[in-house]
Amino acid sequence: METEPYEIVIAGGGLVGGALACGLARAGLRVAVIEPVPAQHTAQPSFDERHTALAPSSRYVLDAWGLWQPARGALTPIRHIHVSEQGGWGFVHLDAEQEGVEALGWLLANRHMGTILGQRLTADERITLISPARVEAVEQGSDCIRVTAATADGERRLSGRLLIAADGADSPTRRLTGLTVHRNDYGQSAVIATVPPTRHHRGWAFERFTRTGPLAMLPIAEGRCAVVWSLPPHQAEAYCDGEESAFLTGLQRAFGYRLGPLRESRQRALYPLVERYAPTPYAGRVLLLGNAAHTLHPVAGQGLNLALRDAATLAELVVTSHAGGGDPGAETLLKAYVRRRSEDLWRTRAFTNTLVRGFAPDHPLLRLARSAGLAALQRCPTVRRVLLRTGAGRVGPLPAAACRPADASREGSA
Ligand SMILES: Cc1cc2nc3c(=O)[nH]c(=O)nc-3n(C[C@H](O)[C@H](O)[C@H](O)COP(=O)(O)OP(=O)(O)OC[C@H]3O[C@@H](n4cnc5c(N)ncnc54)[C@H](O)[C@@H]3O)c2cc1C
């Protein structure tokens, strides 16, 4: 059987693997993407019914890779963020205009991103999309990696300098390579849904810490809101599978009436929440990326934003090495990647986990202290700006693509 040579092989054509393939191909590299579920398929796990909150860093990365402009018509800007706690009096209000930015973030339907990525992966002649197919075997060589992909028509053999495993939280490639992840069960599951509230959201995103877990109401198209509600698993399951009326009553009780009565919901789904973290994300010429490398609680909407900054850093190193005739799978490059990403990874995990754990204990005195904390934060613009910078993905050494618009003349247009 002939071996097909590529510079980079990516296992997983989801949000992270698919976007990175577009970025690498744009820089002139020949990339193969192995993906078991076609982008337009309803069972595609990455392009499902969720909506993702994209930070400014993701906007810049996607723009540099030619993926922001096609998404423009489907983006909902976040103009305000309101953080509060059920039963508490303090709150924080972040206002894009006051902070001098066009938007604090943008909401995009995963399915819409899937359509864009699906088209690009098939149309770009530097990308070979092998789908439906899955990685079956990986063989490490001294100067290349050999990958066997199982397809409906039999096996295909590929080679590359680097294999990027972006094949999800249960990454089969990670298992094949013998890499491990630390797991920390958050003891919560997220119920997602969309609701058309009776009052238009006007670009407001709400993060409300309830007695049972954090609840986000995020602005999406046509005045609807995307709900991400984290709860103890048995309660989340009951809300997801039970009567719509029970879900709406519970949601209304937890969220209140800021957006008026909630009368209808669509597309309820359940996600068990587990933190995963690979202490060593590479072995030989295999590197873990996206959910395969780390997963986070969705409370701060950081998982994909962090992964896209990882991907942009990797792309920067790989493209520079390739242009200079270097080896994009060399251990020195992978070590440099891990070094450059460690601060952002550490801070983003700490930020997310502090929110989850800090608001968990349901004690009246602690609630009082948290309310006082939120009120103090509201009165302190300097600390608020630090919070905003962290949420926007502007911490630690960042890849150039995550720091500025690809074409500065387009800055200001969403
Ligand atoms: C409820 C919830 C809400 C979230 N909201 C946000 C948010 O607002 N903002 C944010 O930044 N992040 C958010 N996240 C995190 C975000 O969803 C993830 O960071 C993102 O899905 C990571 O994408 P990925 O491509 O790495 O992995 P996945 O989305 O898991 O995709 C993995 C891909 O690999 C493929 N695959 C599986 N097996 C194989 C195989 N054997 N060979 C090859 N390919 C394979 C799959 O088919 C899929 O296409 C949220 C997460 C959850 C659970």
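This is a predicted model: local features need pLDDT of at least 70, side-chain atom pairs count only at pLDDT 80 or more; totals for chains, interfaces and linings use all residues.
Residues are numbered from 1 along each chain as its sequence is written. Local features need pLDDT of at least 70 and side-chain atom pairs count only at pLDDT 80 or more, while totals for chains, interfaces and linings use all residues.

Student: In what order do the strands of the open sheet of four strands run?
Tutor: Helices (H or I, at least four residues) and strands (E, at least two) are DSSP runs, numbered from the N terminus, and two strands pair if DSSP finds at least two bridges between them. The edge strands, each pairing on one side only, are β1 (3-5) and β10. The pairing in this open sheet is mixed, and the order is β1-β12-β11-β10.

Student: Which residue of β12 is the bridge partner of T3, and which is that of T148?
Tutor: Strand β12 (residues 154-160) pairs with β1 in the parallel sense over three bridges, and there E4 has L158 as its partner. With strand β11 (residues 145-151), β12 pairs in the antiparallel sense over seven bridges, and a hairpin through two residues joins β11 to β12. The β12 partner of T3 is R157, and for T148 the partner in β12 is likewise R157.

Student: Which residue is joined to P132 by a cis peptide bond?
Tutor: P132 lies in the loop between β9 (127-130) and β10 (133-140). The cis bond has an omega of about 0°, and the residue that it joins to P132 is S131.

Student: Is E222 buried or exposed?
Tutor: E222 sits in the loop between β16 (213-219) and β17 (225-231), and its phi is near 55°, a positive value in a residue other than glycine. A residue is buried if 20 or more other C-beta atoms lie within 10 Å of its own, exposed if 12 or fewer, and partly exposed in between, with C-beta atoms placed from the backbone. Because E222 has 8 other C-beta atoms within 10 Å, this residue is exposed.

Student: How many other C-beta atoms lie within 10 Å of Q267?
Tutor: Q267 belongs to strand β18 (residues 266-277), and its phi, near 50°, is a positive value in a residue other than glycine. Q267 is partly exposed because the number of other C-beta atoms within 10 Å is 13.

Student: Which element gives the largest share of the shell around the ligand?
Tutor: A residue is near a molecule if its C-beta atom, placed from the backbone, lies within 6 Å of it. Of the 36 residues around the ligand, G12, G14, S46, G290 and G303 come nearest, and the elements that give two or more residues to the shell are α1 (15-26), β4 (51-54), β10, β14 (182-195) and α8 (303-323). The largest share, four residues, comes from α8.

Student: Which residues touch the most other members of the largest nonpolar core?
Tutor: A nonpolar core is a set of buried Ala, Val, Leu, Ile, Met, Phe, Trp, Tyr and Cys residues joined through C-beta atoms within 7 Å. The largest such core has 116 residues, and those that touch the most other members are A19, V31 and L289.

Student: How far apart in space are D344 and P397, C-alpha to C-alpha?
Tutor: D344 is placed in helix α9 (residues 331-358), and this residue is buried because 24 other C-beta atoms lie within 10 Å. In sequence D344 and P397 are 53 residues apart, whereas in space their C-alpha to C-alpha distance is 7.5 Å.
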